Amino acid sequence: MRVLLIGANGYLGRFVADRLLADPAVQLTALGRGDDADVRFDLATGSPGALTRFLDAVHPGVVINCAGATRGGARDLIQHNTVAVATICEALRRSGCGARLVQIGCGAEYGPSQPGSSTAEDAVPRPGGPYGVSKLAATELVLGSGLDAVVLRVFSPAGPATPAGSPLGRLAEAMRRAMQAGDGELKLGGLGAQRDFIDVRDVARAVHAASLSAAQGVINIGSGRAVRLRDAASVLARVAGFGGALHELDAPAVTLRPSVVHPRSESDHGVPGGPVAAAYPYPDGCGSWQQADVRTARDRLGWRPRINLEESLADIWMEAACRI
C-alpha cells in the first residue's frame, strides 16, 4: 500500500510515520516543508495543480494529513488548517489516483461540553476559538468533497514529544525547575480544567487503522475519560519523585491558559508565563470539560486506547528531566 503522509515531522506526524514504517506492507512517502521530507511542498501556498501532478506521479492509495498549526493568529490558522486542506481535497479530486484521505481533526471543533457528558460524533460543533473554527472548516471541506475520506477528531494528545507549551508540558517543566532549585513546594494555577488525554502512540494506531478501513465521516479518538489537570499534576509528581507540596493558586477569571505556573516559565512559543495573564481561561475554546465518546472508533476501526495517562506522563517527565 502506497501512503502519502503530510506533516510527518509534526508532533502527531512523527508517531504516525513510525507506526506506518513498522508495517512491511506500507510504502511511505513524506511530503512537507522541511528539508528532510521526501518531497518539499508547502500546502498553505502551493497550488492544487502542482499537488495533483505529484499525486498522479506517485499514485498513493492513501493520503494522511497530519499537518497544521495549533497556535498563531486567525489568519495563520486558517491558512495552515483550512486553505491547506482545501488544496489537498481539490488535488485529490483532480487526480486519477483515487486515494483515500485520512484527515486529522481535533476535539476543539466541538467547543465546550456539559460537565459529566461524553461528546459523540453527532454533537453539533460549536468551537470556542479560532483554532477550533479553522479545524472545523477543514472537516467540513473534507466531508463535502465527495472523496473517500475519514476525519479523526483527536482530543488532547499526550506522551513522548509533548510540546513544552502545552498544559502537561508546562506542568513537567515547572516541576523540573522546582526540583532543580530544591524548592519544597510548587504553586500551580488554573488546574480545574478537565480534558480527555490520549497518548500519541494510540493516535498513531488509530490513523493506521483508519487507513486500512472503509470507514467514512467523523470518528472521535480519545481515552473516553476526562481527567482534571490537578489530578494529572499529582500523578506527574509521583512519577517524578517530587516530594514537595503542590499548592493550587486560585485561577483568576482572566487567566490566559489553564496551566500557568509560579515561578515564571516560558512556553515553546515564547509566551511569557507567570501566575496571571490577561485573556480567557481556556485557550482551546473548550471550556472546563471535554470527554470523548469513543464507541464509534471501537465499532468501525476496531480501535481502543492501550496506553494509560500515567505512562504518558512518565514519558513527558523523562524528556523534561533531560532538559538542561
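Buried means under 20% relative accessible area, exposed means over 50%, and partly exposed lies in between (1.4 Å probe, protein chains only). This is a predicted model, in which local features need pLDDT of at least 70, side-chain atom pairs count only at pLDDT 80 or more, and totals for chains, interfaces and linings use all residues. Residues are numbered from 1 along each chain as its sequence is written, and side-chain values use heavy atoms, with hydrogens and water left out.

**Figure 1. The buried residues of helix α6.** Helices (H or I, at least four residues) and strands (E, at least two) are DSSP runs, numbered from the N terminus. In α6, Val200, Asp202, Val203, Ala204, Arg205, Ala206, Val207, His208, Ala209, Ala210 and Ser211 are buried. That is 11 of the 13 residues, so α6 is largely enclosed by the rest of the structure. How far apart are the end C-alpha atoms of α6? They are 19 Å apart, which agrees with the 18 Å that 13 residues should span at 1.5 Å a residue. The expected span of a helix is 1.5 Å times one less than its number of residues.

**Figure 2. Helix α1 against helix α6.** Two packed helices are described by the angle between their axes and the distance between the axes. Axes are lines fitted to C-alpha atoms, for helices over the stretch in contact, and angles run from 0 to 180 degrees between N-to-C directions. Helix α1 (residues 13-21) and helix α6 (residues 200-212) pack at about 55 degrees, with axes 8 Å apart. That makes α1 oblique to α6. Angles under 35 degrees count as roughly parallel, over 145 as roughly antiparallel, 65 to 115 as roughly perpendicular, and the rest as oblique. The crossing of α1 past α6 is right-handed. A crossing is right-handed if the near helix is turned clockwise from the far one by less than a right angle, and left-handed if anticlockwise.

Which residues meet here? From α1 come Phe15, Val16, Arg19 and Leu20; from α6 come Val200, Arg201, Ala204, Arg205, Val207 and His208. Contact means heavy atoms within 4.5 Å. The contact of α1 with α6 has six nonpolar, one polar and three charged residues. Ala, Val, Leu, Ile, Met, Phe, Trp, Tyr, Cys and Pro count as nonpolar, Asp, Glu, Lys and Arg as charged, and the others, Gly among them, as polar.

**Figure 3. Helix α7 against helix α9.** Helix α7 (residues 229-240) and α9 pack at an angle of about 60 degrees, and their axes are 9 Å apart. The two helices are therefore oblique to each other. Again the crossing is right-handed, with α7 passing α9. On the α7 side, Ala232, Val235, Leu236, Arg238, Val239 and Ala240 make the contact; on the α9 side, Leu309, Glu310, Leu313, Ala314 and Trp317 do. By class, the contact of α7 with α9 holds nine nonpolar, no polar and two charged residues.

Figure 4. The buried residues of α7 are Leu229, Ala232, Ala233, Val235, Leu236, Ala237 and Ala240. What covers them? The cover includes α5, β8 (185-189), β10 (197-199), β12 (227-228), β13 (245-249) and α9. Just after α7, Gly241 has a positive phi of about 75 degrees.

**Figure 5. Ser312 in helix α9.** Ser312 sits in α9 (residues 309-321). Is Ser312 buried or exposed? At 1% relative accessibility, Ser312 counts as buried. Beyond its neighbours within four places in sequence, Ser312 contacts Ala158, Gly159, Asp199 and Ile307.

**Figure 6. Leu55 in helix α2.** Leu55 belongs to α2. Leu55 has a relative accessible area of 2%, so this residue is buried. Not counting residues up to four places away in sequence, Leu55 touches Leu4, Pro60, Val63, Ala91, Leu92, Ser95 and Cys97. From Leu55 to Gly98 there are 43 residues in sequence and 9.5 Å in space, C-alpha to C-alpha.

**Figure 7. Two loop residues with positive phi.** His59 lies in the loop between α2 (48-58) and β4 (62-65). Its phi is near 55 degrees, a positive value in a residue other than glycine. His59 is partly exposed, at 41% relative accessibility. Ala161 lies in the loop between β7 (156-158) and α5 (167-181). Ala161 is not a glycine, yet its phi is positive, about 65 degrees. With a relative accessible area of 22%, Ala161 is partly exposed.
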